[in-house]
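Reader: I'm new to this one and would like a friendly walk through its side chains. Could you take my questions one at a time?

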Amino acid sequence: MSGLPSLRAVILMVAAVLVVTAAAGGVVVILGDDLVKTANEPVRRKPTQRPQQPSPRLDQLVPTAAPVKDFGQGGPGVTATPPRVLAIAAGAVPKSTRFALSALKYVQKVAVVDAGAVKVAGTALNLLAVDPADFRSWTPQPVADQPAVWSALARGELVADAGAMRRFGMILGGMYQVDGGPRLRVAASATLGLMGVDGLVSADLGRSLGFAPGVAVLLHGKAGKISESGVRKVLGKGSQVVMLDAAHRTPKQRKPQTTVNVGRPGSYLDLYKAAATRCPGLSWTVLAAIGQVESSHGRNNGPSSAGALGPMQFMPATWKHYGVDGDGDGKADIWSPYDAVPGAANYLCANGAGQGGEKLRKAIWFYNHSWDYVNKVMGIADAYARTYA
């Protein structure tokens with residue numbers, strides 16, 4: 001009537017301007033004191049756009065992806081000759097001493113390997129550094145027959161003793177920082193049958209860690225028959241001798257059951273916990289909450305309307321920078337939960353998530369630019385913390 005636009009027309013005009021502005025704008029990611037422009041990623045969606053399914057039990061939900069391809073495949077066929085005696089000498093064992101050990105009654109086979117200790121968060125781990133091809137026969141038959149164990153060693157990863165995994169609360173697939181050294185991925189756990197030994201690494205990695213060369217001695221022979229005093233006499237003062245065949249020397253003792261776990265965490269709960277070890281200070285519950293909001297733990301992998309892919313809904317451009325090979329199969333696959341979840345931890349950590357507080361909230365905001373999204377993730381994370389306390 002007065003020539004002015006109607007209220008409805010004004011609202012539509014304002015909405016149109018907002019849409020154009022959002023579509024044209026870029027995103028700035030704050031990393032410390034630096035400003036780094038990322039791809040022009042839109043907010044992938046509002047959290048309320050997709051109805052959320054009831055959250056399943058994470059310890060019963062198994063991630064799915066293509067099988068890991070092990071290199072160094074050998075398969076069954078190795079004849080196990082498990083050690084009856086493990087000894088640590090005071091220094092490198094010379095050839096003459098090895099010959100003397102092999103001459104002992106009932107000794108059929110001798111091996112000498114490197115040994116050392118590392119600390120992870122102040123906790124000492126006793127490790128042997130071995131050649132994967134040569135050492136296979138010195139493990140129980142189920143371990144020797146599992147190619148993935150030896151592939152992991154060849155990749156420079158840690159094979160932990162099953163008992164050490166339980167004692168130290170380690171998680172299959174987890175990354176652990178060696179004090180003053182590299183980060184090691186626990187790629188497998190197995191009953192090694194080596195009393196006092198917490199795990200195996202490759203000989204190359206042992207050398208880089210400064211392990212003592214040629215100090216660990218393993219003897220194979222007739223069970224229960226090799227003389228402990230004879231071994232001590234040959235190795236001399238300062239040596240430590242452990243009789244590994246106690247079950248044969250004391251009939252009442254039961255032989256431990258051999259277990260082997262390789263490759264990947266067996267549930268989403270373990271996967272989130274393992275991935276969180278890539279970012280010290282980041283709770284696994286945050287990763288689990290993002291996994292629930294983004295894809296309901298791999299049950300709705302997209303692609304989304306904005307082009308986000310996989311169980312953690314990464315934009316391809318972001319994945320190129322932050323995607324990781326989480327399971328050691330040689331590729332970083334945006335569709336694989338074993339890569340996507342560690343990739344999410346990597347991305348969050350790059351944006352300060354490990355510092356907690358507002359830094360954590362801001363890191364989650366970078367994941368999907370919405371404060372409603374942040375609040376939703378934090379709420380679900382709190383619920384997971386209560387459920388799995």
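Author: Let's start with a definition: rings of Phe, Tyr and Trp (its six-membered ring) pair if their centres lie within 6.5 Å, and planes under 30 degrees apart count as stacked, over 60 as edge-to-face and the rest as tilted. Before we go on, this is a predicted model, where local features need pLDDT of at least 70, side-chain atom pairs count only at pLDDT 80 or more, and totals for chains, interfaces and linings use all residues. Residues are numbered from 1 along each chain as its sequence is written, and side-chain values use heavy atoms, with hydrogens and water left out.

Reader: Okay, how many aromatic pairs does that rule give?

Author: Some of these rings join up: ring pairs link Phe314, Trp319, Tyr322, Tyr347 and Tyr367 into a cluster. Counting aromatic pairs by the rule gives 11.

Reader: Which kind of pair do phenylalanine 314 and tryptophan 319 form?

Author: Their ring centres are 5.0 Å apart.

Reader: Why is the pair of tryptophan 365 and phenylalanine 366 edge-to-face?

Author: The ring centres of tryptophan 365 and phenylalanine 366 are 5.5 Å apart. Tryptophan 365 is buried at 18%, and phenylalanine 366 is buried at 2%. The pair is edge-to-face because the planes are at 65 degrees.

Reader: Which charged residue sits over the ring of tryptophan 365?

Author: A charge sits over a ring if NZ of Lys or CZ of Arg is within 6 Å of the ring centre and within 35 degrees of the ring normal. Arginine 167 does this with phenylalanine 168, lying over its face at 5.3 Å from the ring centre. For tryptophan 365, the charged end sits 4.5 Å from the ring centre and belongs to lysine 362.

Reader: Moving on to charges, how many salt bridges are there?

Author: Side chains of opposite charge can pair when their charged atoms come close. Here a salt bridge is a side-chain nitrogen of Lys or Arg within 4 Å of a carboxyl oxygen of Asp or Glu. Arg155, Glu157 and Arg185 are linked in a network of them. The count of salt bridges comes to 7.

Reader: Where do glutamate 228 and arginine 232 sit?

Author: These two form a salt bridge, with the closest N and O atoms 3.0 Å apart. Glutamate 228 is partly exposed at 33%, and arginine 232 is partly exposed at 35%. They are 4 residues apart, about one helical turn, in helix α8 (residues 228-235).

Reader: How many residues apart in sequence are the parts that arginine 264 and aspartate 327 tie together?

Author: The closest N and O atoms of this salt bridge are 2.7 Å apart. Arginine 264 is buried at 15%, and aspartate 327 is buried at 2%. Arginine 264 is in the loop between β12 (260-262) and α10 (268-276), and aspartate 327 in the loop between α12 (316-322) and α13 (337-350), so the parts tied together are 63 residues apart.

Reader: Which helix holds arginine 361 and glutamate 358?

Author: Their salt bridge has its closest N and O atoms 4.0 Å apart. Arginine 361 is partly exposed at 22%, whereas glutamate 358 is exposed at 59%. The two are 3 residues apart, about one helical turn, in helix α14.

Reader: Last one: which element gives the largest share of the lining of the largest cavity?

Author: On a 1 Å grid over the protein atoms alone, a cavity is a set of points where a 1.4 Å probe fits but cannot get out, and lining residues have an atom within 4 Å of a point. The largest cavity is lined by residues including Arg185, Pro265 and Tyr338. Two or more lining residues come from each of α10 and α13. The largest share, 3 residues, comes from α10.

Methods
Buried means under 20% relative accessible area, exposed over 50%, partly exposed in between (1.4 Å probe, protein chains only). On a 1 Å grid over the protein atoms alone, a cavity is a set of points where a 1.4 Å probe fits but cannot get out, and a pocket is an open set with protein on both sides within 12 Å along at least five of seven lines; lining residues have an atom within 4 Å of a point.
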